[in-house]
Structures are given as structure tokens and as C-alpha cells.
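Work through the exercises below with the structure in view. Try each task before reading its solution.

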Amino acid sequence: MRPASPGVALALVIAEAQGFGGLRDSQATDLSKYVLPLTGSINGGNTFPGVSLPFGVVKLGPDLYTGSDSYSGYQSTGAFIGFSLLHESGTGGAPKYGVVAQMPALGEIDNPLANQSVGRSTADESRLGYYKSSLSNEITVEMGATSKAGLFKYQFPGDMVASNLIVDVSHVLPSFRGQGLGQNYLGGNISVTSTDGSIRYQGSGSYDNGWNRAPEWTVYFCGYFDQPATFKTFLGRDSTGANLVDYSDATTQESEARLGAVFTFDTTEVTSRVGVSFISADQACTNVDNEIPAGTPLEALEENVKTAWNDQILSKITTTDASNVTKLQLLYSSLYHMSLIPTNKTGENPLWSSTEPYYDDIFTFWDLFRCTTPLMHILQPVAYEEFIRSLVDIWKHDGFLPDARSSFFNGATQGGSNADNVLADAYVKGVRGAVNWDDAYSSMVTDAETVPPNNNDPRDTSSSTKEGRGALPDWIDRGYITTKYRRSVSRAVEYAGNDFGLYQVAKGLGKDEDAEKYLARSRNWRNQWNPDLEALGFTGFLGPIDEEGNFVDQDPLSCGGCYWGDDYYQGLPMEYSFNAHHDINKLIELAGGTDTFVSRLEKLFEGGVSSGNSQFNHTLFNPGNEPSFTSPYLFNFAGRQDLTVKYSRYVANSYYAPTAAGLPGNSDAGAMESWILWSMIGLYPMTGQTTFLVGSPWFSDLTIDLGGGKKLEITATGGSETAYYVQSLKVNGGICDKAWVTWDDIFANGGTLDFVLGPEPVDWATGPAPPSPATEVS
């Protein structure tokens, strides 16, 4: 969401060529060795570096306190306050989860509710399937995980001091931003029993809030230790303080106040297995018993996690080009981080019974619809169909599609109802299977026609931020959005894209009247175009309109705070003025014609133009926020594919690297990673359309496994770090003179793309421009 300091330039960390063999045979090659889980974990990238399966419920890792928000639990500095099973990756706004925790401690524990934080002795060790933290008190914690369970392996110092593990049910990741989004502990319970010479504890905790402003939700847990232990349970006076009212050998505690248990061991090595569930404590016990039986070694879990990632995710893109290890690390680390969430909670939905899949922790379609969901469709067609079905099932039971969702609750909606774009993209690209498209279309119509109740979010009290389109009254009655509603301009261009999505599905379902209606509404972004706004020698930009219907004067190079209460959300007026991607030909016309459109685009990337974006050389283009994602590729619409290559490569090489600081901003649950993956592939998707814009591939060959025995084979000859301009392209063996391809060309049944690259641009794309499907045909 928010921009952060740029990553180390990829060009500065290119590894020396090494003599690895080809990587095509994923069965013989462990691609997980190229995954660096700490990539993007600092400088605002907020990625989760702990242990998780693809789309797994459990994400086991450390929780750090620095006085600033630890969105994924991890920070590279600060003190450990616990190690917990539930996290998210690449989020913003406020932390979510950080619950079901343990905290090791030494010596006599007089008050487990007091500050138990401990510093680091050395940097954490992270590799795919394994995480280790070394504490300043000489305790080490090693971690492994399955889908719904985690394993802790503790090594305590051998100095005859008591070894303790504290289970504090009230533990949760805090927020310090003052936006009223900090999570709250609301109550819980814990019970301790002896089992076969050891100890089991189980219970639940209830919490609320986080980035999606969620109401109360509950997680259940069940934990075991492999060593005998004595224990005490504890109960605090309230839900936040450190005052004890009970600290005894009572086997059960239940309260809205803080509570938990302290387990004390007379050994230096302790292993703990913990399962989670959103259904019951018994289900949590079943989950851990099934997934991590007693005696399971940590090494086995690591191997299982690596195998799952290799088979399900990493092997979907392979290459024989192993000449540049840094590129491989960026490729596979990006695949990893875009596949951590959403979370597959099928069978763990406490709100309703259904035969449909259930996916949660969607952060957010505002971030994901441009790059991530189209790539998920290609690489994970089975999971993607389940995901689409889950969205429709959420609408059936909750009343609205989510633009974002976590802990079984919709929110927060930053702009339009962008699940509409996701559903439209799936429909036009042939996702059918078990998806009920009549219901799916009805869910989209709800977004397009029903005003959601106002949830009175303090960040924007003008309309709902929970779901749907809060500014619909203006959009329907006026055909534009006034400043009565916050984020009016950015919402207007997004609502237009949402309505184009409805047009696509309505047309496919034979709903001709609806299709005509929504196509017309998708052009209403034009009503927000103020022809009198001027900047940098250009005239005409998307601008705010007051409640009387008059344009408001606006600097196209400023968006004020660019946040919830402003007219533009996380993007400048000039950036948003390129965002009518379904109606590009009209946009080119309004911008002053093809040559002026190209000049406008190039100005985005010119250094020293913006008063902000210092981390990006003061360019108007912001690689750390999604409204800019598509802009480098729009040159293809104006006959300048060479400039698409020039600027997309510049952005990739300047701001992406497989390092801890290697993202240009918040990962946004893999949005940044999916952008760089499309760049490496050499294509870019136009969501809601079947068009893919042609860029320039990074490898001499890539094979993308499309499932069902289908593959897309991409080759590039003549390429290097300085020779990346397209000289010619063959599609399925035939010469191509277009800077775009379609879904049917290369993805529906597989296909081939054969590039010839060189150091200088040539005018190879002399054929028709990419489609502009919402623009009237003369």
C-alpha cells in the first residue's frame, strides 16, 4: 500500500555466472534453494519470512517489538515478544494475527504477564521450510510447520536454570499508528492435562480489529510437549495489564482477562507441537495429531515443506538458463511470496456450512487484481477455480463480495469493488468447472447496484469502507463521483473498470440489455476528465467535482495526503489519468493524441519532476503503489513497444532484488512480486480482457506449466543485460507484428513465444494496436 524505501538495485547485486546445470527437470533440481524467504522483509516490504505451506493456515514465525508495527511479526531489529502460528505476509494498515504463541524464558517466573521480551544474539536464519531465532539469553528456537500445525524445537542453556515456556493467550501483534486498527484481546480459556507422561494444553482466544477492522473472531489451539513438565496457570486482572489475580496449579482458566500457562522443564531440549483450528479445540488437536504426530523430526517437516513448494509452486516456471543466480533467486523468491496468502481455510470456516471451498486473508483485490490474480490463474488453475467459487460463496452468505477479507470478515475497500474485475478476468479466460456463473454475475450486480451500509470508518465516514461501492448514489445518479465522497476521483475510474467487468460477464451470459448498460457506465470515467487542468505542458486530467457539479481546481502533480480522506488514493492525478485500461483509445484522444500520450507517459519516468518520491529519484511514477503498475506497458497502445521494454526494465533493475530491502514498497501480499514475475516472463495482463501486452523476457528460455499437460514455451536469443529490446517475435511458429497476444493464442491450449532480442530498438510491432474494448468504433 504505502511506498517504502527502494530495494537495492538488481543491477548492483547481479551474481557472477556459475556453472549450474539446467533447471528444466524440477524433479532432479531442488528449486527451493533459490528461495530467499527474507526477501522484502525490511524497509516496508513487510513480507513474512517464517515457515508456511502454499496458501497454508499456519505461518509460524517470530513476533518482534520495536515500537513500530510488525506487520508480519518479523522485524530485523527489536526484541522477541513471542513466536506465533498465525501471520500474514506483505500487509499494511495495521498488523493482523500474531496469535497462538509461545515464549521461552529462563529461571523463576514471578509474573508471566510482565514484560518477557528478549533481544537477539545473532541474525535469524531462514530458508524454505525452516526458521531459527537465537535469543540473547542463549535460548534458540527452531521452527517447522504444516498446513494447520507448527513445531517448536527449543534449546535452553545448560546452566541448571529452569527452562520455561510461557503460553500467553492474550498475545497479539499490536499497532502503534493510532488509526484505531490495533488488535484487541477479548478473552479466552486454557486447560492443561497430563497425557502419557507429558502435558497437553488446549483452549481458545478471541480477538478483533487489525487492518480490516474486524469484529470478534476466535481461534482454537492444542499443544503438546515431548518432555515432562510442571505447570502453573495464570489469570490477570484485565485484558491488557500485568496485574495477576491467580497464579497457581489450577488446571483451567477462562476469562475476558489475560490468561495462560507457564510450563517448566528440567531438561535443556524441548519440542512442542501445536495445532490450530477455527472450529474447536478438539479439531485443533485432530489437526496437530494428523499433521505432526508425536516423534516427527523437524527435518522431516522441512523436507515436506520444500517438496510441497517445489511440486505445487516453484516447478510451474522452469528454465535451463542458470547463468545468473540472482535472477533465479528473484524469480523463485517472488513465486514464493506471491503464494503465501490468500489462506485456504476450507473446512475451517466457523460462520456457515458449505460444500464450497473457503479462502480467507485476501489483502486486497485493490492490490492484487492487476497482476497477482491473473498469474495465479495461469500457475494454479485448480486453486484459482476454488478461489473464485469461494468468493461467490462469501457473497451468498455475507451479502457482498470482498474487496479484502481476513478473519472471516470483509474489509477494507480502498477504491472500487475489484472482485468484479477478478471474476470478469476468470470468466473471459474460460474458468468454468464448478463455478456457478449465474450466481457469480448476481454477486457482481450486487456490487453495481446495492449501496452498502456505512460502517462509519473514522478514516472515511462518507460511505462504507467494508465492502461494495459506497459512492454508488453519485455514480448511478450523476455518472461521476463528487467530493461528497472521499477518494472520489480514484473511485470513479475504478468503478468504471468494475462496470466494464460486469459488461464482459453479462455479454458472455447473453444478458444483452445488462451488457449495454454496464458498457455505457464503464465510460463514465470520462465525465471525471477535466480538460482545463494543466501540468508540465499537458492539458486534461482526471479531476475532482464538487457537489454542485463543478470541477474543482487541482494540481495534477499532487494528491495531498493521497490517503483515505483525499480525492485520490495512493496515486497522483497524473498517475490515475492513465488508469482507464478498458478504454485506452478514448484516453489517448483526451490526452491529446498518440504523440502527446507517449510524451505524457515518458514524463512519468523523468527524474526530478515530482516533489515527492525521493526514493525513486523524484519521478511521478511510483513503483511501490499499484496505480502505476500498468503504465510502463501502455506504450504498446501507441506503437512504441521499445519504450515499454525500456521503462519496464528500468523499473525492474532499479527497484527489485532478492534481498531483504529488495522491494520498492509494501509487498501487498505478493502484488509487487507478481509485477516482477510478469516482467521476467515478458508479458503483462490486461485484467478483465484476454489481452497480454508484450514486454521482453529475462531468460533464454522459460517453460510455464499450465496444467493438464499444457505448456507455454518462451525462448529468447541474443539477449543479455544490455541487449533486451525486441527485434522480432514468433507466436506459435508464425511471425508476429503485434505488441500483444491473446489468451487463446498461448494460454488456453499452450503455445510458444520465440523472441529475438538486441541492444537497440527496432520497429517490429507494425500491426494493429492492442484492443480498446470500451471505446466506440468509428
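Predicted model: local features only at pLDDT ≥ 70, side-chain atom pairs only at ≥ 80, totals over all residues.

Residues are numbered from 1 along each chain as its sequence is written, and side-chain values use heavy atoms, without hydrogens and water.

**Exercise 1. Compare the protein chain with a compact globule.**

Step 1. Take the 778 residues: the globule would have a radius of gyration near 28 Å.
Step 2. The rule is 2.2 Å times the number of residues to the power 0.38, and the radius is taken over C-alpha atoms.
Step 3. The protein chain has 26 Å, which agrees.

**Exercise 2. Find how much of the protein chain is buried.**

Step 1. Buried means under 20% relative accessible area (1.4 Å probe, protein chains only).
Step 2. Of the 778 residues, 64% count as buried.

**Exercise 3. Describe the contacts in the protein chain.**

Step 1. A contact means heavy atoms within 4.5 Å.
Step 2. Keep contacts with a separation of 6 or more; residues 24 or more positions apart account for 69% of them.

**Exercise 4. Locate the residues closest to the centre of the largest pocket.**

Step 1. A pocket is an open set of points on a 1 Å grid over the protein atoms alone, where a 1.4 Å probe fits, with protein on both sides within 12 Å along at least five of seven lines.
Step 2. Lining residues have an atom within 4 Å of a point.
Step 3. The largest pocket holds about 640 Å³ of space.
Step 4. Of its 25 lining residues, Ile81, Asp168, His171, Val172 and Arg258 are the closest to the centre.

How values were computed: Points joined across faces, edges and corners; volume = space filled by probe spheres on them. Buried < 20%, exposed > 50% of the residue type's maximum accessible area, 1.4 Å probe, protein only.
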